[in-house]
Amino acid sequence: MKKKTKKIFALILALALIAGVCVFANGVVGNPVSKWLATSAAQKRLAEVYADKDYEVERVTFSFKDGNYHAFIVSPSSPDSEFSMSLNWKGQLRWDGYEERVLSGENTAARINKEYRAATEAVFTSPAFPYYSHIEFGDIEFISREWVDAEDLSRYALFTEDLELDQVYDIRELGKTAGHLVLYVYDEDVSVEKAAEILLEVKHLMDAGGVSFHVIDLVLEYPKPEDDSPRKEGRVETMEFLYDDIYEEGLVERVDAANEAAIAHHAKMDAENAKIIEGMKAE
């Protein structure tokens with residue numbers, strides 16, 4: 001009798017362990033049945049809501065973060081029409097990203113920006129680029145009209161709502177209006193004169209590479225020591241320095257003024273952050 005009881009107990013324990021593993025696995029990677037339900041529901045929604053489009057389900061994945069399945073939708077004829085749907089384990093729709101990604105122009109903006117980044121990277125990584133930089137990239141600035149009055153947003157940014165789906169755009173022309181370069185340079189000469197020299201050279205190299213830009217953020221700092229010795233203090237910074245202001249006459253003075261403005265900006269941000277921290281401590 002005792003032997004039979006032990007076998008029953010062992011069986012119950014094994015089943016409990018298996019159930020536990022299944023529950024754990026379901027919470028991490030999902031399960032085939034729910035994935036099938038999500039896939040079927042996504043395909044049905046495409047047939048009903050987007051019947052005039054050639055959209056198709058590329059793949060369905062499970063997210064352990066929100067416990068939902070995510071169907072990724074693509075179009076063979078429209079590179080800007082990618083979006084996703086979120087569905088629960090029953091195959092019920094939780095969220096459809098069509099409006100947010102496709103209709104809003106976000107996908108089109110992302111495609112344009114990817115092309116612009118590749119163009120700026122080609123210049124920054126060229127053997128002809130003479131500076132040691134650790135951050136270097138370029139963006140075409142886009143914003144939604146709903147954020148037009150928000151603080152600290154680029155006033156020269158283009159509106160995503162004005163973009164046309166799958167339209168071919170001239171990134172050189174867009175760069176003139178909304179191109180934003182960011183460059184951090186290490187050099188033993190940290191001075192406004194050196195910063196002015198770098199700006200002139202970057203402008204020359206971008207022009208030669210067929211890449212236009214509207215503004216540039218330049219940060220000039222001393223290199224990090226190879227050993228544990230302290231790093232030299234010193235920094236010259238320009239924030240959204242205009243392409244049209246990069247010319248030799250008076251450039252050093254303009255860079256000096258831009259650096260002072262950057263110092264004032266960071267001091268203001270530090271003061272505001274300090275107030276926020278103090279307020280949190282008071283609570």
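**Reading the labels on this model**

User: Why does Asp166 count as partly exposed?

Analyst: Asp166 has 27% relative accessibility, so it counts as partly exposed. The scale calls a residue buried under 20% relative accessible area, exposed over 50%, and partly exposed in between, using a 1.4 Å probe and protein chains only. This is a predicted model, where local features need pLDDT of at least 70 and side-chain atom pairs count only at pLDDT 80 or more, while totals for chains, interfaces and linings use all residues. Residues are numbered from 1 along each chain as its sequence is written, and side-chain values use heavy atoms, leaving out hydrogens and water.

User: Where is Asp166, and what stands out about its phi?

Analyst: Asp166 sits in the loop between strand E7 (158-159) and H5. Its phi is positive, about 65°, although Asp166 is not a glycine. Glu240 has a positive phi too, near 50°, and isn't glycine either. Glu240 is in strand E10, and at 37% relative accessibility it counts as partly exposed.

User: Why is Asn259 called buried, and what does it touch?

Analyst: Asn259 lies in helix H7. It has 8% relative accessibility, which is why it counts as buried. Leaving aside residues up to four places away in sequence, Asn259 touches Arg235, Val236 and Glu237; a contact means heavy atoms within 4.5 Å. Other buried residues of H7 include Leu251, Arg254 and Val255. Cover for the buried residues of H7 includes helix H6 (192-208) and strand E10 (235-242).

User: What makes Lys114 exposed?

Analyst: Lys114 has a relative accessible area of 67%, so it is exposed. It belongs to helix H4. The C-alpha atom of Lys114 is 9.0 Å from that of Ile140, which is 26 residues away along the chain.

User: Are H6 and H7 roughly perpendicular or roughly parallel, and how do you know?

Analyst: They pack at an angle of about 110°, with axes 9 Å apart, and H6 and H7 are therefore roughly perpendicular. The label covers 65 to 115 degrees; under 35 is roughly parallel, over 145 roughly antiparallel, and the rest oblique. Axes are lines fitted to C-alpha atoms over the stretch in contact, and angles run from 0 to 180 degrees between N-to-C directions.

User: Which residues make the contact of H6 with H7?

Analyst: On the H6 side, Val192, Glu193, Ala195, Ala196, Leu199 and Leu200; on the H7 side, Leu251, Val252, Val255 and Asp256.

User: What about H4 and H5, roughly perpendicular or roughly parallel?

Analyst: Helix H4 (residues 106-124) and helix H5 (residues 171-178) meet at about 90°, with axes 11 Å apart. That makes H4 and H5 roughly perpendicular as well. Ile112, Glu115, Tyr116 and Ala119 of H4 contact Ile171, Leu174 and Gly175 of H5.

Technical notes
Helices (H or I, at least four residues) and strands (E, at least two) are DSSP runs, numbered from the N terminus.
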